[in-house]
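Subject: Structure for your review

Dear colleague,

Please find below the structure that I am handing over to you. My notes on it follow directly after.

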Amino acid sequence: MPTNDPGFCQVAIREPGSADFEVARSGASGEGFCVDVLYGDAEGSQRVVSRFFISHGPPGHGERDEEWVIVVSRHWNLDLPDPR
C-alpha cells in the first residue's frame, strides 16, 4: 500500500473452523482488529513486518454494510541493525 495514498488489498481466512477465523469474526463485530504481515522482496531479503488495523468504515462511507477501512499503523524491518 502506498504511503499517504489510497491502496487496495484483499484479506481472506479460508478455514472457517480455525481459531484465526474466530478471532477475526469477533474483531469484525467489535471495534476492529490488527493483522501483522511479514513480507520481503523477490529475493527473500529485506524482510518487513507491517501492522494493519481493520475496522468498519464510517457511517455513510459506502452504500453497503460491507465497507471496511484498513490503516497501516506500523512498519519494522527485521534485517537491518538496531534500532529497528
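A polar contact is taken here as a pair of N or O atoms within 3.5 Å; within protein, one must be able to donate a hydrogen and the other to accept it, and residues adjacent in sequence count only if both atoms are side-chain atoms. By this criterion, the side chains of arginine 51 and aspartate 36 form a polar contact at 2.7 Å.

Please note that this is a predicted model, in which local features need pLDDT of at least 70 and side-chain atom pairs count only at pLDDT 80 or more, while totals for chains, interfaces and linings use all residues. Residues are numbered from 1 along each chain as its sequence is written, and side-chain values use heavy atoms, with hydrogens and water left out.

Overall architecture

The strands form an open sheet in the order E1-E2-E3, with antiparallel pairing; two strands pair if DSSP finds at least two bridges between them. Strand E1 (33-39) and strand E3 (68-77) are the edge strands, each pairing on one side only. From one strand to the next, the twist averages 25 degrees (axes are lines fitted to C-alpha atoms, for helices over the stretch in contact, and angles run from 0 to 180 degrees between N-to-C directions). Seven bridges join E1 to E2, and nine bridges join E2 to E3.

Of the 84 residues in the protein, 13% are buried (buried means under 20% relative accessible area, exposed over 50%, and partly exposed in between, with a 1.4 Å probe and protein chains only). Among contacts (heavy atoms within 4.5 Å) with a separation of 6 or more, 29% are between residues 24 or more positions apart.

Residues of strand E2

Arginine 51 lies in strand E2 and is partly exposed, with a relative accessible area of 27%. Aspartate 36, its polar partner, also stands opposite arginine 51 in the sheet. Arginine 51 and arginine 74 are 23 residues apart along the chain, yet their C-alpha atoms are separated by 5.2 Å. Beyond its neighbours within four places in sequence, arginine 51 is in contact with residues including Cys34, Val71 and Trp76.

Serine 50, also in strand E2, is buried because its relative accessible area is 0%. Its side chain makes polar contacts with the side chains of tyrosine 39 (3.0 Å) and histidine 75 (2.6 Å). Histidine 75, in E3, stands opposite serine 50.

Further along, phenylalanine 53 has valine 71 in E3 as its bridge partner. Serine 55 lies in strand E2 (residues 48-56) and counts as buried because its relative accessibility is 15%. Leaving aside neighbours within four places in sequence, serine 55 is in contact with Glu31, Gly32, Trp68 and Val69.

Aromatic rings

The charged end of arginine 74 sits over the ring of tryptophan 76, 4.3 Å from its centre (the criterion being NZ of Lys or CZ of Arg within 6 Å of the ring centre and within 35 degrees of the ring normal).

Yours sincerely

Terms used
Helix = DSSP H or I, 4+ residues; strand = E, 2+ residues; numbered from the N terminus.
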